[in-house]
Amino acid sequence: MDDGVVGSVDRGPGAGSQRALRTANTRRVLSALAENGPMTQAALSRVTGLSTATISNIVASLRDEGSVLTSPTTASGRRAVLVELGGPSSGKVAAGIDIGRRHLRIILATLSRDVVAEEAVSLPPRHSAEESIARADQLLSVLLRRAGRRRQDVVGCGVGIPGPIDARTGEIAHGIILPTWVGFRPVDRLRAALGLPVFLDNDANLGALAEVTWGPYVDVDHLLFLKVASGIGSGLILSGQVYRGAMGITGEIGHIPVSEHGQVCRCGNRGCLETVASTAVMLEALARTGVVEPEAGVGRLVELVDSGNPAAGRVLEDAGLALGQVLGTMANMLNPSVAVIGGPLAPLGETLLAPVRRGLRRYASPTVSVATEVVATSLGERAEALGACSLVFQQAQEETWLPGSSLISL
C-alpha cells in the first residue's frame, strides 16, 4: 500500500505501523487545512507531499466522520473537489489583534478562513500597554458575543505590534512607534488579561504572512511586505516562511540611511528612510508650508495627492523614490518575486507605486528589478489583523486534529 509519505515522520511508539502512519498523514491534512483554509485535493497533495490516492482516502474518511466538508469546484478549467474544515472544529475561531499607534483592530476568523466578526477603534495618543490590553479584552468580548462564540471557542490570539520584539527576552525593543511600550513584555500580560494562548509578532511580519495566506500570493515563496506608516518596516517571506533572524528583529528598513546629510533620525542615525518616507514626516513637511494643519492625519495627505496638490505630490514622489532605493538594495540581496506596499498610503495605488518602481530600477540590478513585481496590498488596513489570525492558524500544526475530537494540545 502506498502511504504517500515523503520525508521523515516523527517516530514514536508504533510509528512504523499502518495506523501510526495514517494518523500522521491525517494530521498533515488537517494542519494544512487549518493553515491555508479551503483547498482542492490536488492542492492538499502538493502542500502535504502525500499522493493523490492517499489524500482521496483520508478526505473520504474525514468527510464520513464529519471533520471536513467537501464540495465540487473547478481548478484550471477542470472539475475538482474543494475540502474545508467542518464538524467539531468548525466552531473554533482565531482572534487577530492589531495594535497600532492610534488604532486597535480585532478580527475573528474560523479555521476555514471565514471572518465572522471584526471591528477597529481609535486609541489615544501615547496609549500605555495596560490601556491597550484592557481595551483589546473589552473589544474581544464584544466581538465574541456578536459572533455567537465563547472564550473557549478561541484557539488563540495573534497580536501584532508596530516595533521590534526581542525574541530572547520577549521585550519590546528600542525605536518603537509606541514609546510607552519600550521594555514591556506583552505576552504574559496579554495571556493573563485575555485568558487565552497569545502569539506575538511585529506587524510587518504579519502583513507579509497575510499576503501569502489571505492575499493573492499563496504560491509565492519569496515576498517582501513594506509597511509604510508613521514608521516603516518590512516583513520577509523567504522560502515560504516568515524570516525573523537570530533575535527576532528583522526588516527594520526604516533605519537604512538614504541621505548622507539628511535629518537625524529617532534611532540616532542620520538620513534614515523614515526621515524621508514616513507618513509623519510627510505631514510635518506639508504642515511647515501651511498646506495642512499640524494635527492633520494621513487621510488628508491622501486627499491632497488625489486632488493633484503639487506640494503633496512632491513629498509623495520623494518618499516613493527613497522607498524604491531601499527596496532596490533588498531586492539585490534577497531576489523576491513580489514586493507589496502596505499601510495607509496603499489606496493611492499607482500614484505611489510609480516612484517606488523608478527607485527600484535605479538601485537594483536590471535583471532583478525587471523580475520584481511591485504592488499595493489588496487587503487594505486589515492585512496585519488577518496575518495575526494566520499566525494562530500556523500553531494548529503543533496540535492534534483527530476525527471526532476537538483541538487538543500535544
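The following legends describe close-up views of a predicted model.

**View 1. Two aromatic pairs in the structure.** A search of the whole structure identifies two aromatic pairs. One of them joins Trp181 and Phe184 in an edge-to-face arrangement, with 5.9 Å from centre to centre and 80° between the planes. Trp181 has a relative accessibility of 0% and therefore counts as buried. In the other pair, formed by Trp214 and Phe393, the ring centres are 6.4 Å apart and the planes meet at 35°, so this pair is tilted.

View 2. Over the face of Trp214 lies Arg113, at 5.5 Å from the ring centre.

**View 3. The largest nonpolar core.** This core comprises 45 residues. Those that touch the most other members are Val29, Leu33, Leu44, Trp214, Tyr217 and Leu223. Helix H13 gives the most to the core, with eight residues. Leaving aside neighbours within four places in sequence, Val29 is in contact with Leu44, Thr48, Leu50, Ile55, Ile58 and Leu62. Another core, of 40 residues, lies apart from the largest one, and its members include Leu226, Ala322, Val356 and Leu360.

**View 4. Helix H5 and its buried face.** Helix H5 spans residues 186-194, and its buried residues are Pro186, Val187, Leu190 and Leu194. Seen down the axis of H5, these buried residues fall within an arc of 95°, so they line one face of the helix. The elements that cover them include strand S4 (93-99), helix H4 (129-147) and strand S7 (154-161). Strand S9 (171-172) and strand S10 (198-202) also belong to this cover. After H5 comes Gly195, whose phi is positive, near 65°.

**View 5. His255 and its contacts.** His255 is located in the loop between strand S13 (241-242) and helix H7 (274-277). With a relative accessible area of 17%, His255 is buried, because residues under 20% are counted as such. When residues up to four places away in sequence are not counted, His255 touches Cys265, Arg266, Cys267, Asn269, Cys272 and Glu274. Between the C-alpha atoms of His255 and Gln394 there are 30 Å in space, and the two are 139 residues apart in sequence.

Key:
Residues are numbered from 1 along each chain as its sequence is written. This is a predicted model: local features need pLDDT of at least 70, side-chain atom pairs count only at pLDDT 80 or more; totals for chains, interfaces and linings use all residues. Side-chain values use heavy atoms; hydrogens and water are left out. Rings of Phe, Tyr and Trp (its six-membered ring) pair if their centres lie within 6.5 Å; planes under 30 degrees apart count as stacked, over 60 as edge-to-face and the rest as tilted. Buried means under 20% relative accessible area, exposed over 50%, partly exposed in between (1.4 Å probe, protein chains only). A charge sits over a ring if NZ of Lys or CZ of Arg is within 6 Å of the ring centre and within 35 degrees of the ring normal. Helices (H or I, at least four residues) and strands (E, at least two) are DSSP runs, numbered from the N terminus. Contact means heavy atoms within 4.5 Å. The arc is that of the directions from the helix axis to the C-beta atoms. A nonpolar core is a set of buried Ala, Val, Leu, Ile, Met, Phe, Trp, Tyr and Cys residues joined through side-chain atoms within 4.5 Å.
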